[in-house]
Amino acid sequence: MEQHTQNINKVIVRPLQMTDYKQLAQSFRRVYSDGSDVFWTKEQIEKLLTIFPEGQVVTVVDNKIVGCALSIIVDYDRVKNDHTYADVTGNETFNTHNPKGNILYGIEVFIHPDYRGLRLARRMYDYRKELCESLNLKAIMFGGRIPNYHKYADTMRPKEYIDKVRKKEIYDPVLTFQLSNDFHVRKVMTNYLPNDEESKHYATLLQWDNIYYQPKPEVIATKTTVRVGLVQWQMRPYKSLNDVFEQVEFFVDAVSDYKSDFILFPEYFNAPLMAKFNHMSESEAIRELAQYTDEMRKRFVELAISYNINIITGSMPQMRGDGLYNVGFLCRRDGSYETYEKIHITPDEAKSWGLSGGKKVQTFETDSAKIGVLICYDVEFPELSRIMAEQGMQILFVPYLTDTQNAYSRVRVCAQARAIENECFVVIAGSVGNLPRVHNMDIQYAQSGVFTPCDFAFPTDGNRAEATPNTEMILVSDVDLDLLSELHTYGSVRNLKDRRNDLYEVRLKKNK
């Protein structure tokens, strides 16, 4: 065991404050054996203190910060089975924090190397246990590394290793400590921390149960059926943004009358506004179209609130500095919004318009389901939706714009494949008609639809609902999220669980 030799006069555990960050940053860094590291930014600490200040504490020795413990609250159903660190933290955005959840989830415990061996971490764990009891939470849970496992991986499986650590036949600096603090191992998880070579990509799901926990009575059953509305948009001339939104509001009103939870618009549905810029080059015209985007987002947010519906705005061009991107917005009915981006730009978008590909790949929490959005061409790249599936995506929305039936078939067939391989629902919506006075738009072909996995609880062909081809209309369909949960565990095949993670993995790279 490590020994500490410095003289210590006073040790306290207190709430973390933003003024602590400079001192914290000087000592906090977790370095993996592959050379990568994890470092909490000032913005991340600030967000944690905003959403859950009582969950963040530091250990102070003689006025020097030597340790910290960070945590969020999540719902038990989110973490009771396999998950990754990126999933439970929302890729370290902490958008997964749920004040109404029932699990205190530990996302970090750190003690400066010079102060290890003094049981200082135990004080922060005691604080967490008291917090768990005071907030009436069911348990404390987190993924725990097993950093000494690499020494034994050639001779034993993780289960045997854990048993030997429990019997004190093997010492593991993390697991031994957790077991001595009354945590028990619920299960072994894979790829919890992709860079953790020491643990050979394994982690233990650890849990401490609050014996004083009193379940809150459920007044309303959890909603599992989600209603989605798709707009198969007719391209037609519009003189102004007001004209476009007269049509937009008509569709939002119609879909909301069916008590839909979501409405999806197609990619570049606002392209008719480029007609007034037809005297310009194609690249100049679309940059003029981008000038409408901020106002469109604002109007969509207002409609989401007014009609009590979550709006996925399709996509539109957006200028950022000198770069032009294809983006859209998830406008929630509570007034909040988030941006999604097209990652893969088609050759024509690059050649005619000079667009650049985005870098943001993420899922979004909503009041009805956890969703992902891929814009048109992106659905033809299975890696993106697989990353989203790892984050718990239940519904994938795909706004698209295709000119020929060949192009449409690529989107449709790939969308159906994504539903099967990721065990999720996929919803696609496109535009129809033509724009004779807009360069580079020509004709459009679409048949919007809702696709499912192919198993006994779903349609035999994986086709839940489909619009009439090349006709302006709305399509409203229900999807049952409970069926996905059953499929994950009891399906005839289990595409997510049966992946050979010992042979391959799909993960995001860190942005340079």
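## A helix across a sheet

The model described here is a predicted one.

Side chains of opposite charge can pair when their charged atoms come close. Across the whole structure, a search finds 27 salt bridges. One of them is formed by Arg78 and Glu365, whose closest N and O atoms are 2.0 Å apart. This pair links distant parts of the chain, since Arg78 sits in helix H3 (residues 76-79) and Glu365 in strand S16, 287 residues apart.

Arg78 has a relative accessibility of 22% and therefore counts as partly exposed, and Glu365, at 26%, also counts as partly exposed. Arg78 and Glu365 are, moreover, linked with Asp87 and Lys370 in a network of salt bridges.

## Salt bridges between buried residues

A further salt bridge joins the side chains of Asp196 and Arg145, at 2.9 Å from N to O. Asp196 lies in the loop between strand S8 (184-190) and strand S9 (202-209), while Arg145 lies in the loop between strand S7 (139-144) and helix H6 (158-166), so the pair ties together parts that are 51 residues apart in sequence. Both Asp196 and Arg145 are buried.

Asp261 and Arg333 also form a salt bridge, with their closest N and O atoms 3.0 Å apart. Here too the pair links distant parts of the chain, with Asp261 in the loop between helix H8 (241-257) and strand S11 (262-264), Arg333 in the loop between strand S14 (323-331) and strand S15 (337-341), and 72 residues separating the two. Asp261 counts as buried because its relative accessibility is 3%, and Arg333 is likewise buried, with a relative accessible area of 17%, since the cut-off for a buried residue is under 20%.

Definitions and conventions: Residues numbered from 1 in each chain as written. Predicted model: local features only at pLDDT ≥ 70, side-chain atom pairs only at ≥ 80, totals over all residues. Heavy atoms only, no water. Salt bridge = Lys/Arg side-chain N within 4 Å of Asp/Glu carboxyl O. Helix = DSSP H or I, 4+ residues; strand = E, 2+ residues; numbered from the N terminus. Buried < 20%, exposed > 50% of the residue type's maximum accessible area, 1.4 Å probe, protein only.
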